[in-house]
Amino acid sequence: MKGWMSRPYRWLRRSRSRGQAAAEFSLLLMALLVLMGGIASFAPDMLAAFTIYVRGFYIVLGYPLG
């Protein structure tokens, strides 16, 4: 593997102690949980706004919404 990906790849493949691996895993897990919480909090509002947008589009075109 040559080129610009060789240095990051070596950094990812380096040996880690058990404590460092546990710390990295816990930080990644916490970031994932925060991301999922943010998506779960804002997804209903985004879906509602998109639904309003789509309904408005169909009203402008004259289609019934039933």
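Leu33 is placed in helix H2, which spans residues 18–61; helices (H or I, at least four residues) are DSSP runs numbered from the N terminus. The model is predicted, so that local features need pLDDT of at least 70 and side-chain atom pairs count only at pLDDT 80 or more, whereas totals for chains, interfaces and linings use all residues. Residues are numbered from 1 along each chain as its sequence is written, and side-chain values use heavy atoms, with hydrogens and water left out.

Leu33 has a relative accessibility of 58% and therefore counts as exposed, where buried means under 20% relative accessible area, exposed over 50% and partly exposed in between (1.4 Å probe, protein chains only). Together with Phe25, Leu29, Leu32, Leu35, Met36 and Ile39, Leu33 forms a nonpolar patch on the surface with about 700 Å² of accessible area. Areas come from the Shrake-Rupley method with a 1.4 Å probe.

Arg55 also lies in helix H2 and, at 48% relative accessible area, is partly exposed.

Rings of Phe, Tyr and Trp (its six-membered ring) pair if their centres lie within 6.5 Å, with planes under 30 degrees apart counted as stacked, over 60 as edge-to-face and the rest as tilted. By this rule there are two aromatic pairs. Phe57 and Tyr58 form an edge-to-face pair, 6.0 Å centre to centre with 65° between the planes; the rings of Tyr58 and Tyr63 have centres 5.7 Å apart and planes at 65°, so this pair is edge-to-face.

Note on methods
Patches are made of residues with over 30% relative accessible area and no salt bridge: like charges are joined within 9 Å, nonpolar side chains (Val, Leu, Ile, Met, Phe, Trp, Tyr) within 5 Å. A salt bridge is a side-chain nitrogen of Lys or Arg within 4 Å of a carboxyl oxygen of Asp or Glu. Helices (H or I, at least four residues) and strands (E, at least two) are DSSP runs, numbered from the N terminus.
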